[in-house]
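Me: I would like to learn how to read helix packing from a model. Can we work through one together?

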Amino acid sequence: MSKCIDRRDLTTQNRLALPTGPTVDSNGVYTFEQIGVFQQEIADSLAKDAEKNPIQLAVNRYGDSFYEAANFVNTSLKGGIDDLGNYPDLGRRWDRGNISNLEFADFINRYNYNPNAVINIGDYQTLARQLDNYYKDTYSTSILGGLCELLPQIFGAVDAFFDVIDTIAGIISDVISFVNKVRSYDSIQQFVEEEIVKELINQIQTKIINVIEEVFREIREAIENFDIESIVAEVTNFNKQTVKAIMTEKEQMCVVLSKDNEQRVLDRVKNFINYAISLLESPGLEQVQYVIARICALATNIEALIRDIKSPLDDYSLQYQRVIRRVQNIGKINTSTAIRNGAIRYSPEARKERINSLTSLWEGENGQVRITPSGKEPNPIKPITVKEYKNLPKCGDVIAGNDKRVGVSGAWVDPKELGPQGYSRIDLDVKVYLMRVQAQLAGGSVKFNIVNGWRSKVYTDKIGGDESSSHLSGLVIDIENAGFDVEEFTDLALKSGFKHVVIYDDHIHLDIREMTR
């Protein structure tokens, strides 16, 4: 077997030279043997980065949990669905065998899942529905998309046109009854003018609308599944502003993907197609070809634009992972150099233990600082964590009134006014602090109603508001006063992070700015 090994390969040399002795002593200090481990890890990392296979990319990112999640889908999920009739496309895929690792890698990338989230989802029906949607033909790969690709041949021969119609019964079911009639017509052109073309375009319209609705839902769910916590999990001290920036961008996507915007897109598509149909009162074959080609191009472009909405999140995730790997490799090189020079370096486990030990000296049970070097009154505000950003209420649920912790009401969030922007542009820190109060007040059973959030200058001027209103900043909110105890609420709000609390009869003003008017 040794003859099969290329001993000139750096990765092979490192693997053969791996130390057999302990790499960490009893105190958690790295020994000299750890250098060889670092060398191997760096070589392996470089080799993995060179791989372009989607499966390898997923394994590089998630490790063995990727395979565990893929197996979960083909075993636990498959066995846990009582009626696959509700998920026909997924059922047909399983009829052909297990979902491959390649398909699963593409699925989790499309829906922004990480393997652990798949395994621990709990809601099998949601995952099955998303997989079913994944296996539904998108516009560009559907039979209809194939029809668009075949336009030159279709309109090059009338017989081919009818042959294609015969093959798309699932989409143009009503047309099939017309096909048998056509051969009895003396004038095929007359039939095209009267029936088939209009019916074909009507069915194309239905298909396009369905595709747009499905893509909107798919992208919404992919954005909701974006897990910032799992992406930065390897970092001990994360940069709050970086995480906040990307989570703010995620929040703004709520506006783009709102139900109102979706309906606007659907209405415009319907109007365009209706206009196209109106042009077919006396069409020639060339005109029919032109109109259908335009509709096909429209559908493809709309689908691509909607899918691009989540690109910033995908790009952030991949870039972050690449940077982390590079930093880790650089750190391993520096650590190896330090060990060679006689310095003491601890393993990650040992460092974490020491950090926790020191932290306990400075913080109480609730994470509040109890000792300060200056002896001044400590600041009891806990820093915002990645988990708190991640667990904020979903923007779409808040706007729709489906979240149990917070809702919105008032003219400011009316679709004709600010719509979802009124909520989405409230600073994330304000939302985190509000959720801290909500979790502590009456055991988290109270649902807060935000009656005033972010306001634009145009809207402020429209309602006759002060041009220097604090609500223009996005750093303040007003919530409905549901008869809260003044002292209890004020104390919780200040300890949660708010800097100013003003309680009125009908609402409570919460502010995180350093100074107010």
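Predicted model: local features only at pLDDT ≥ 70, side-chain atom pairs only at ≥ 80, totals over all residues.

Me: Start with the overview. How many helices and strands does the secondary structure of the chain come to?

Reply: The count is 25 helices and 5 strands. The chain has 517 residues, and buried residues make up 42% of them.

Me: What share of the contacts with a separation of 6 or more comes from residues 24 or more positions apart?

Reply: Those residues account for 69% of such contacts in the chain.

Me: Now a single helix. Which residues of helix 25 are buried?

Reply: General idea first. An α-helix has 3.6 residues a turn, so residues three or four places apart point the same way. Now the case: helix 25 spans residues 486-496, and its buried residues are Phe489, Leu492, Ala493 and Ser496. Viewed down the axis of helix 25, these fall within an arc of 100°, so they line one face of the helix.

Me: What should I look at around the ends of helix 25?

Reply: Take the start, then the residue just past the end. At the start of helix 25, a side-chain oxygen of Asp485 comes to within 3.3 Å of the backbone nitrogen of Glu487. Just after the helix, Gly497 has a positive phi of about 140°.

Me: Next, a helix pair. At what angle do the axes of helix 3 and helix 4 cross?

Reply: Crossing angles from 65 to 115 degrees count as roughly perpendicular. Helix 3 (residues 54-62) and helix 4 (residues 65-80) have axes that come within 8 Å and cross at roughly 115°. The two helices are therefore roughly perpendicular to each other.

Me: Which residues make that contact?

Reply: Helix 3 supplies Ile55, Ala58, Val59 and Tyr62, while helix 4 supplies Ser65, Phe66 and Tyr67. By class, the contact of helix 3 with helix 4 has 6 nonpolar residues, 1 polar and no charged.

Me: And helix 4 with helix 6: how do their axes cross?

Reply: At roughly 100°, with the axes coming within 10 Å; helix 6 covers residues 101-110. Helix 4 and helix 6 are therefore roughly perpendicular too. From helix 4 come Phe66, Tyr67, Ala69, Ala70 and Val73; from helix 6 come Asn101, Phe104, Ala105 and Ile108. This contact of helix 4 with helix 6 divides into 8 nonpolar, 1 polar and no charged residues.

Note on methods. Residues numbered from 1 in each chain as written. Heavy atoms only, no water. Axes fitted to C-alpha atoms, helices over the stretch in contact; angles between N-to-C directions. Helix = DSSP H or I, 4+ residues; strand = E, 2+ residues; numbered from the N terminus. Parallel < 35°, antiparallel > 145°, perpendicular 65-115°, else oblique. Contact = heavy atoms within 4.5 Å. Nonpolar A, V, L, I, M, F, W, Y, C, P; charged D, E, K, R; others polar. Buried < 20%, exposed > 50% of the residue type's maximum accessible area, 1.4 Å probe, protein only. Arc of directions from axis to C-beta. Polar contact = N/O pair within 3.5 Å; in protein donor to acceptor, adjacent residues only side chain to side chain.
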